[in-house]
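Work through these exercises with the structure open. Each task comes with a stepwise solution.

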Amino acid sequence: MGGGHPYDGRPATTSAYPNGSALTDHRDEAVVVGGGFYGLRVALFLRQRLGFRHVRVFEMLDSVMERASYVNQARVHNGYHYPRSILTAYRSRVNFPGFVDEYRDAVVDDFDHYYAIARAHSKVNARQFELFCTRIGAAWRPAPTPIAAMFHPGRIERSYAVREPAFDARVLRELLLDRISRAGGIDISLGDEVSSIAALPDGRVLLEASSGSYTADRVVGAGYSRINVLHRSSHLEQVALQHEISEMALVELPPALRGLGLTVMDGPFFSVMPFPSRGLHTLSHVRFTPRYRWRDGSGQPALDPQAVFSMADRTSGFTGMRADVIRYVPALAAMRQVDSLREVKTVLAKSDLDDSRPILYRPDHGIANYTCIMGGKLDNIYDVLSELEHDSVSA
Ligand SMILES: Cc1cc2nc3c(=O)[nH]c(=O)nc-3n(C[C@H](O)[C@H](O)[C@H](O)COP(=O)(O)OP(=O)(O)OC[C@H]3O[C@@H](n4cnc5c(N)ncnc54)[C@H](O)[C@@H]3O)c2cc1C
């Protein structure tokens with residue numbers, strides 16, 4: 001956005017950069033492609049920490065943080081979720097205090113969270129889960145008797161009380177936009193899609209966007225599910241990504257359960273987590289949440305996840321989710337579906353095996369000064385920022 005108002009809630013203001021007239025000619029110009037949580041936080045980092053004089057964020061939608069950064073399970077990961085990937089779990093433990101501190105006004109910690117281990121079909125048993133928690137330094141205690149009694153004794157081996165808050169994505173957005181506004185020197189161009197990037201002979205990067213052509217000394221691609229769409233149009237190598245059209249049911253729980261989050265690990269199970277932005281809970285299920293799955297790269301068909309998403313079947317898997325969930329927690333029979341949240345969930349193809357969530361960080365990906373990033377979850381942001389800092393120090 002132009003006019004010294006980095007974000008004022010208005011729809012697209014691409015007129016601030018009229019078609020073809022904004023070919024910038026100064027140094028110290030950085031561009032971020034994508035205005036999700038990652039794009040906005042990286043823009044702040046480029047401006048405040050790495051000292052770029054001006055940072056421009058391109059977001060193709062009419063508002064920032066509307067895609068995966070809003071439509072997700074809102075879990076502030078504290079490690080428990082990744083018993084098969086000790087590195088992912090450990091990084092979450094390391095990043096957790098920083099995230100909770102930096103976004104404390106968006107962190108919702110007013111509910112009791114319980115993890116439970118199923119007796120059958122689980123990839124970990126209770127003993128292994130406890131050992132894993134000890135190894136990553138994540139505290140747990142046995143769930144109190146009334147909670148443990150909520151779980152079907154024949155189907156759940158053991159249940160645990162843990163601390164794992166949720167975040168309110170709308171508050172998070174306001175916090176970031178406020179910081180961007182106060183930092184100055186960051187413009188957000190809404191309704192503005194970057195269609196291609198190319199190397200210039202002087203080492204800068206040329207971008208074609210809906211609003212015109214731009215150059216930048218540094219470009220960071222943070223388009224999440226659409227990373228490869230930009231790579232294809234720019235004749236750059238595809239990243240091996242796996243996409244899933246995901247459905248999380250938005251449910252209202254019976255009053256007695258409203259202050260709870262419940263997660264059954266680690267297999268074809270489910271999770272019921274508060275979704276603070278809507279004052280409801282999300283219900284996600286390993287078998288029913290993924291509605292359609294495909295891969296990018298290594299000879300796979302080139303699809304635009306946004307296009308797949310807009311054509312995807314909108315029937316709900318809630319009935320199947322509910323039928324399975326109440327076998328484990330009968331009291332959830334009284335929950336009521338209010339809505340469903342749908343989004344493309346994108347992970348590195350290799351994460352399919354161990355459910356890990358490493359960051360994608362590719363400096364100079366086919367073009368000097370173009371860095372491609374993707375975070376597997378929000379707390380990974382610190383891993384991306386430390387890589388950016390490392391690169392800038394060693395450059
Ligand atoms: C169902 C689901 C559940 C999840 N649960 C959790 C959870 O509980 N906890 C957690 O921490 N993480 C969770 N995640 C992961 C988390 O949501 C993502 O890691 C994170 O939101 C990625 O942020 P982002 O900014 O990269 O992506 P996004 O928020 O999707 O932002 C990317 C932006 O780029 C824009 N864009 C793309 N291409 C272009 C272009 N060429 N030009 C301009 N703009 C472009 C898009 O419009 C979009 O706004 C979940 C994800 C999903 C989908």
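**Exercise 1: a salt bridge between strands**

Task: Find how Arg56 and Glu29 pair, and decide whether each is buried or exposed.

Solution. 
1. Arg56 and Glu29 form a salt bridge (a side-chain nitrogen of Lys or Arg within 4 Å of a carboxyl oxygen of Asp or Glu). Their closest N and O atoms are 3.4 Å apart.
2. Arg56 sits in strand S2 (residues 54–59) and Glu29 in strand S1 (residues 29–33), 27 residues apart. Strands are DSSP runs of E, at least two residues; helices are runs of H or I, at least four.
3. Arg56 has 4% relative accessibility, so Arg56 is buried. Glu29 is buried too, at 0%. Buried means under 20% relative accessible area, exposed over 50%, partly exposed in between (1.4 Å probe, protein chains only).

The model is predicted: local features need pLDDT of at least 70, side-chain atom pairs pLDDT 80 or more, while totals for chains, interfaces and linings use all residues. Numbering starts from 1 along each chain as its sequence is written, and side-chain values use heavy atoms, without hydrogens and water.
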